[in-house]
Amino acid sequence: MLERLNQAMEHIEGNLDGRIEAADLARIATTSEYHFRRLFSALAGMPLSEYVRRRRLTVAGAEVLAGERTLLEIAVRYGYTSGEAFARAFRAMHGVGPGEARRTGAPLHAQPRMSFRLVVEGSSSMRYRVVEKDGFQVVGRKARVPLVHEGMNPAIADFIRSIDKETLERIKGLSDQQPEGIVGVSADLAESRAEGTELDYYHGVVTGAPAPGDLDALAVPAGTWAVFESSGEFPRALQYLWRDVFTQWFPANPYRSRPGPEILRTRLSGDGAHAEAELWIPVERATG
């Protein structure tokens, strides 16, 4: 898997002045575009589109300083439709406009080429199981919230506090299958999974029962789920679990992620500092 990912990275480098499509990169990596985008973001720490943008502006910066092409020629070469659009993007990354950089030889920022390699840590094992599940509903309350990668998500915390106890107990009573009890469900995430992008967050239960009219519902079709167990400091251990699933488990197992909601069942200690959790990720067998 890592070898194929690095072949995709070589394709990016060879086409910085041409067309780079996520679908082509996914084919090189022999996976789905959906999984490739998510795996890349987890491994690289930034969305694919951001990496490509930064690499293009890095090599464009070297050409600006070299002075062999006009600024407009460089702009067009790296996919910008006008000198103004190129100048805005250049300044956003480098902190200086291309004209000024050429005149003064100002220092520029660089996005290094990325490649992936396996680092064997071996300090802990991941507990997981694979489950085939019939279609179900998530029923509860829904809010549109920003994505937060580390630390508490204030929008989610405020939303949960806004649900009155009576409604929460009524929702809990609808739970009739695994994962049992109240769960947090993330759906409709941006492909980039960038910090601050929005998602639908459901505070509810997994059920086969019809949803009462005053509650929100999300229909989830039948499919395969990988279920991961976690125990540790809240919320850091849970956020690290998401990272480890994509950076360690997927590259080592014959599965890839598929579109669908992600379900987190969390049980907190009395002081709220520790959590036992199950993370349900929709998956499918990898091919090729």
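## The chain as a whole

The model is predicted. Its secondary structure comes to ten helices and nine strands. Along the principal axes, the C-alpha trace spans about 70 × 40 × 35 Å.

The chain has 288 residues, and 42% of them count as buried. Among the contacts with a separation of 6 or more, 72% are between residues 24 or more positions apart.

## Helix α1

Helix α1 runs over residues 2–14, which is 13 residues. From its first C-alpha to its last it reaches 19 Å, close to the 18 Å expected at 1.5 Å a residue.

Which residues of α1 are buried? They are L5, A8, M9, I12 and E13. These residues cover an arc of only 150° around the axis, so they sit on the same side of α1. On the other side of α1, E3 and G14 are exposed. The cover over the buried residues of α1 includes α2 (22–28), α3 (33–44) and α4 (48–66).

## Helix α3 and its two partners

Two packed helices are described by the angle between their axes and the distance between the axes. The axes of α1 and α3 cross at roughly 90° and come within 13 Å. The two helices α1 and α3 are therefore roughly perpendicular to each other. On the α1 side the contact is made by L5, A8 and M9, and on the α3 side by F36, L39, F40 and L43. L5, A8 and M9 are also among the buried residues of α1.

Helix α3 also packs with helix α10, residues 236–252. Here the angle is about 130° and the axes are 9 Å apart. That angle makes α3 oblique to α10. From α3, the residues H35, R38, L39, A42 and L43 take part, and they meet F246, T247, F250 and P251 in α10.

## Helix α6

Helix α6 covers residues 83–94 and has twelve residues. Its reach from first C-alpha to last is 16 Å, close to the 16 Å expected at 1.5 Å a residue. The residue that follows α6 is G95, and its phi is positive, near 80°.

The buried residues in α6 are A85, F86, A89, F90, M93 and H94. They cover an arc of only 140° around the axis, which puts them on the same side of α6. Exposed on the other side of α6 are E84, R88 and A92. What lies over the buried residues of α6 includes α4, α5 (71–77) and α7 (98–104). Helix α4 is also part of what covers the buried residues of α1.

## Helix α8

Helix α8 consists of residues 154–161, and I156, A157 and F159 in it are buried. Seen down the axis of α8, the buried residues fall within an arc of 165°, so they line one face of the helix. The face turned away from the buried side carries P154 and R161, which are exposed.

What do the buried residues of α8 pack against? They pack against β2 (136–146) and β4 (198–207). At the start of α8, a side-chain oxygen of N153 comes to within 3.1 Å of the backbone nitrogen of A155.

## Residue D200

Is D200 buried or exposed? Its relative accessibility is 13%, so D200 counts as buried, the cut-off being under 20%.

The side chains of D200 and R144 are joined by a polar contact of 3.1 Å. Leaving out residues up to four places away in sequence, D200 touches K142, A143, R144, V185, S186, A187 and D188.

## Residue V148

V148 is found in the loop between β2 and α8. With a relative accessible area of 21%, V148 is partly exposed.

Residues up to four places away in sequence aside, V148 touches N153, E195 and Q239. N153 is also the residue whose side-chain oxygen reaches towards A155 at the start of α8. V148 and I171 are 23 residues apart along the chain, and their C-alpha atoms are separated by 26 Å.

Definitions and conventions
Residues are numbered from 1 along each chain as its sequence is written. Side-chain values use heavy atoms; hydrogens and water are left out. Helices (H or I, at least four residues) and strands (E, at least two) are DSSP runs, numbered from the N terminus. The expected span of a helix is 1.5 Å times one less than its number of residues. Buried means under 20% relative accessible area, exposed over 50%, partly exposed in between (1.4 Å probe, protein chains only). The arc is that of the directions from the helix axis to the C-beta atoms. Contact means heavy atoms within 4.5 Å. A polar contact is a pair of N or O atoms within 3.5 Å; within protein, one must be able to donate a hydrogen and the other to accept it, and residues adjacent in sequence count only if both atoms are side-chain atoms. Axes are lines fitted to C-alpha atoms, for helices over the stretch in contact, and angles run from 0 to 180 degrees between N-to-C directions. Angles under 35 degrees count as roughly parallel, over 145 as roughly antiparallel, 65 to 115 as roughly perpendicular and the rest as oblique.
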